[in-house]
Amino acid sequence: MPQITVSQFFIMLFLCRSFSFFTIVPGLRESASGSAGLASLVLFVVFSVLIMLPSFLILRRQKGVGLIEFAYQRSQGAGFACATLFALLALSVAIDNVVHFAVFITSAVYPNDSNVIFVVLFTLVALYMVYLGLESTARFSGLALILLLGSLVMIVLSLAREFDTVGLISPFLGGVRPVVQGGAVTVNESSELMLVLLFIPYLKGNVKKGFLWWVLGVFALLEGMIFVTLCTVGQYAVTQSYPLYAVAKMARLFYFQRMDAVHMVIWTMIGLIKSALYLFIAQRCLCFLFGAKRKNTILLALGGITILCSLLLAHYFTAYQALYNFTLTGIPLYVAVLLVPVLLILIPGRRRKEDKA
Amino acid sequence: MKRLSLLIALVLSLSLPLCGCMETIRLKDRAIVQAVGVDYEDQKFQLTFQYFVPSGSGGQTAFDASELNNNIIRSEGDTITEAVSEATRKEGKQIFFGSNKIIVIGKAMAEENLKKAVDYFNANHQLHPSVYLMIAEESASKIVTAQISRGIVPASAIEQVADNAMNHRHMNGGRMVDVVSKLETGHDSVDVPMVKLSQQSGKPEVEIDGGALIKKDKMVDTLTEQEIQGIIWFLGKMEDATMTVSLPEKGSAALEILECSSRMKPRLEEGRLVFDVKIRCDSALRELISDEGGDITQEIVPLVQQMQERKIRQLINLALNKTLRGHGADILRLTDHVKKYLPNYYNEHRDNLEAMFENSGFNFEIVCNISRMGLEASGN
């Protein structure tokens, strides 16, 4: 079984979350903006920790056991059901990510080009990353993190003289509801919480500590980027479909103008890591059902389904929006992270062979 | 042998992706636009493009820096997109805005609806948000077609003029990002630099001549250079500018503004909005012009500071009278400050803030400090 350190894993999760944030389209979701967005991130930290608590408590006695392994310990049927459910959820996130990327690229960079080439190439590269293994992707993530942080520092430095804090107003100007709603939506979008429970068998180190660092890291990143956007471009960001991309476009340092291509490369790397991670876990879930010997066949099948579904969703945007809206309700996340663990402990555990004898 | 053949086949197959996955446009098939002008006449958008052509002005070599290296395309359409397509069709080159330096909006277009023109460029993925956006005194076409012989293309000269005006504080904002963000802040008012054509020694030149006052997406008035300076002083962005103040019976003094800052805080006084504005500036006294031939000495400094403060007040009042009191236009970010410091008041009066501002009072505290006086010593 491939093993990576907890730090490597949570770096990958950090990158996954940052990709969602950079390619967000504010108009597609009801969420807090501006100063309310800053306050809602505090709730994101609180909500994330709260919803993961029950799962951590349930699994605390099961060292190195993930949610699916725990389900199989309870019963074969529960294990089968969990493996199927999480395979579908992970696959849907992988597909969502591919569509997200294709729509972003064909809106912001290549508006006259077809989605097909981006969907196919992106998925093929992600599949290859899964084929190479978890350790390779984890090592690659370290490089991607350094590049990402470097590009963010560059953006902040180049926009430093535009800073104006007049845009920082009371987060409760529109009431408490936008702040609470913003916090909830930010959590609902964080499918990475599900990955934490599934990757436990592949991790070396203290998972809970790593998770806390991840939550705080995501908070720092999102808070910082919203703050920079508010204080530099201000309301200009509201007029853009991809506000962070607009901020990146504006960043100029010395003679380096139009650095948006550089940021694009980094975000593409991060998007690939995210797809690879979810395809990996989908593959592992299906290996429980069909056997580990068929993992390459499973991977090819996953690739085919991802390409097909991504092409359809990218073409029929209303269907994609419906899927995205469903994700934003939080139902898939709460089922995976709250409902399933609670149901599993209600199932009587299997008696060990020694007890039967 | 088989492995060698496979290796050769693999290396050759790597050349396939070099052909590219998408439709490509060669550089020679692109019109690399340097400046674009938008006019509006007879319900149609009239666009003028100045694009880079190395041998566009009859240069003998592939690229001649002494020539003007540009061609002009004119097109029109019911929408800007249509006009751009027509330009592409007419010229046989794909319009490319990636290197565009200037967007000039004609006066008629600005008076009709500035946002109609700006929205297209704001949504264009090729354009950089920092491109200069200006309003022409007459038609945008005249500015864009002017063959100004400075720089590689005429648009470079216009960009240079805009850069200088921005750096020396004769212009407030002036970039597309500034205009769009102010139009979106809910009070729909912005000042956009005005550009005009002039003749110097028989050659065309452009200059920034004040600004246009935009309210609710339409140009409602013009702003003089003093009014623009009043706005910049109010916002505390006057550093690196120069200023001349008259000294009663002593001539005039030239100052260089080293640092400038402004803080504004609104408060309520018997239900009326009052803005406390503190402006601080640190200047260097560079020159004293006097018929009596006076030198720069410490004794003159308090008088210069006093006159500077008076002049700043005058400029700010000019700006206030034209923008807020004349047209109810909030160029000075009063709405943002009310939202920040008096959120309850803002929520209560968000639909009639304009009326609140017109009745509001201003309390200015202007502190001018002269910290440097140059190297000349008094002979006495």
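What follows is a short chat about two interfaces.

Analyst: Quick ground rules: this is a predicted model, where local features need pLDDT of at least 70, side-chain atom pairs count only at pLDDT 80 or more, and totals for chains, interfaces and linings use all residues. Residues are numbered from 1 along each chain as its sequence is written, chains are lettered from A and ligands numbered from 1 in the order in which they are written, and side-chain values use heavy atoms, with hydrogens and water left out.

User: How many Å separate the centres of domain 1 and domain 2 of chain B?

Analyst: Chain B splits into domain 1 (27-223) and domain 2 (227-373), with bounds from an automatic or database domain assignment. Taking the centres over C-alpha atoms, the separation is 32 Å.

User: What area do domain 1 and domain 2 of chain B bury between them?

Analyst: Start with contact, meaning heavy atoms within 4.5 Å: 20 residues of domain 1 of chain B touch 21 residues of domain 2 of chain B. Buried area is the accessible area (1.4 Å probe) that two parts lose on being put together, summed over both. Carbon and sulfur atoms supply 58% of it here, and the total is about 1700 Å².

User: Which residue meets Arg169(B) in a salt bridge?

Analyst: A salt bridge puts a side-chain nitrogen of Lys or Arg within 4 Å of a carboxyl oxygen of Asp or Glu. The rule finds four of them across the interface of the two domains of chain B. For Arg169(B), at 3.7 Å from N to O, the partner is Glu239(B).

User: What area is buried between chain B and chain A?

Analyst: Here 26 residues of chain B are in contact with 26 residues of chain A. Carbon and sulfur atoms give 59% of the buried area, which comes to about 2200 Å².

User: Which element gives the most to the side of chain B that touches chain A?

Analyst: Two salt bridges are counted between these chains, and one salt bridge joins Arg175(B) and Glu162(A) at 3.0 Å, N to O. On chain B's side, the elements giving two or more residues are α6 (176-183), α9 (334-341) and α10 (343-349); helices are DSSP runs (H or I, at least four residues), numbered from the N terminus. With four residues, the top contributor is α9(B).
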